[in-house]
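Reader: Before I rely on the labels attached to a model such as this one, I would like to see each label set beside the rule behind it. Could we go through them in turn?

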Amino acid sequence: MNKIIIFILSAVFYVSGFATTVGNPLNPEIIEEGFFISPTSWINFRVGYEGDFISDARLYNALQKGKIDNFKKDINSGTLTLNFQNRMDVFGVVGEGRIRSDWRFENLNAVSRLQLESNYRLYWAAGAKVILFQWCNTALSTGGRYTFMKPSISYITIDGIPQDKGNSRIKSKDWQIDLGLAHRIDLFIPFIGVKYLNAKERVYDSPVVISADNQNYVNMKNKDRFGIYAGCSLSNSKYFMLTVEARFIDEEAISVSGDLKF
Amino acid sequence: MKKFLLSLFFLPFIGFSAPVGNPSCPSTIEEGFFIPDSKAVNFRLGYQICDTQDLVMKFEDSLSEKDYSLKKVKAFLNSGLLTFNVKERLDMYFEVGSYRIQPEFRYIHDFYTAKSENDFLYRAGTKLVLFEILDFTLGADVKYSYFKANSSYVTKNDKPINDNIKFLMKEWQIGVGVSQKITILRPYIGIAYRDARIHMNQFLLENLKLVYKKKAGLFLGSSISLGSFVMLNVELRLVNERSTIFSGEVRF
């Protein structure tokens, strides 16, 4: 019984892994009135900001099955959302992001610690969200998103000693699907949901050994595929909305976003 | 006699610690989803994220004399909250979540960093509205926290070493603050007194103990709520620690 309780609590509270902003399930409908486009129009659009700050992506080294001690991402981006009938959002995200990571690896019977940081480089994402069911102020929705970035490395250190970074890069790509529930309470729209995330990171073309067996590349995957997201939006249904969201279990992240409807 | 009376006054609080929260929390959400307002007891569920840049601690004196010197201790908490509310005057809350600490320190000429595994932090506390007039509230909060974990890794001059530190943290805290309601906002400010011990056992066969540099500190923040169902809160902790806390609660 104790093991079951510990498992359930772990599933709810343990922070782990890696992912991207999900957003409020009620997003397609929150802002009813825009600046220029009439609410009766079947299509409208929104422009916004999205800041995504992942404090630990909980990845593992897929090559040597070892742990990635830290994997952080800081992303600042702009969003463009096309809305159809206040039921469906199709969005694109463009911005810049940076990755910071460190891990330990064993090579030639010695354990070393590597730390790296990428430059700020282009980040992009695309996705959609659909309201499946709505009952009074409560809505159930699903969505999906694909994200990609490939920044160059700013520096690499091994055991505290700076290394030649050469043309090394990090390729980061992930996709996720989500299912969430939201309830409108006047200005507030709290939400909660689950998501499935497939995250893949690859550090490659390093002139120095960065993994076991003299490898100059590392493949990383997320340890836990399922995660929970929760947050709250704030809007008076006119022109704008603000959202704060936390994600846990499959990652440890917080994101803030704001949208203006035109 | 005075000491006895003082100890009686603080007895309900001692034993029960981190974010303080809005002093007017017990009375902020006046309407819940299911439990009518007329009931004496209701409950809330919430979520909290706390990012600590530095716990502002030091090695205890006997270790400082041996050339141990602490740079900083970072911490991160992700937790769920269950709060029982009595008559919109008293909150009794329990918190369970994932916590980790990352101390950075020097010993003679070497620089060490350590990171604990993510493990459970348990916290319990109570919050009482002492005085309320119009939209002004004076409140007190007392809490106790417990955390135990093994180290994820330890490095010496940025190179991993084969050492396993066992972390143990116990902390209690008393906070007193004032809050003023301004439409849907409830900004607040107050003073928190805390006493904490972090044990780092079995580090190079030595047991290390960290204590707070400053016991008293400042907290300030703001809640936002319409008075029904939901409340959001942001808080900053200063002087005796540097933290940012976000939380949200729903009343049932």
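Author: What follows takes up the labels one by one.

Author: This is a predicted model, in which local features need pLDDT of at least 70 and side-chain atom pairs count only at pLDDT 80 or more, while totals for chains, interfaces and linings use all residues. Residues are numbered from 1 along each chain as its sequence is written, and chains are lettered from A and ligands numbered from 1 in the order in which they are written.

Reader: Why does the radius of gyration of chain A agree with that of a compact globule?

Author: The radius is taken over C-alpha atoms, and the globule rule is 2.2 Å times the number of residues to the power 0.38. For 262 residues a compact globule would have a value near 18 Å, and chain A has 20 Å, so the two agree. Along its principal axes, the C-alpha trace of chain A spans about 65 × 50 × 20 Å.

Reader: What share of chain A is buried, and what makes a residue count as buried?

Author: A residue is buried if 20 or more other C-beta atoms lie within 10 Å of its own, exposed if 12 or fewer, and partly exposed in between, with C-beta atoms placed from the backbone. By that rule, 43% of the 262 residues in chain A are buried.

Reader: What makes β5 and β6 of chain A a pair?

Author: Strands are DSSP runs of E with at least two residues, and helices are runs of H or I with at least four, numbered from the N terminus; two strands pair if DSSP finds at least two bridges between them. Strand β5(A), residues 88–107, and β6(A) have 8 bridges in the antiparallel sense, and therefore meet the rule. One of these links A:D102 with A:Q115 in β6(A). The two strands form a hairpin with 2 residues between them, where A:L108 in the turn has a positive phi of about 50 degrees. β6(A) also pairs with β9(A), residues 153–158, in the antiparallel sense over 5 bridges, and A:S118 has A:I153 as its bridge partner there.

Reader: How many residues does each chain give to the contact between A and B?

Author: Two residues are in contact if their C-beta atoms, placed from the backbone, lie within 7 Å, and 25 residues from chain A and 25 residues from chain B take part. Among the elements that give two or more residues on the side of chain A are α1 (2–13) and β6 (110–118).
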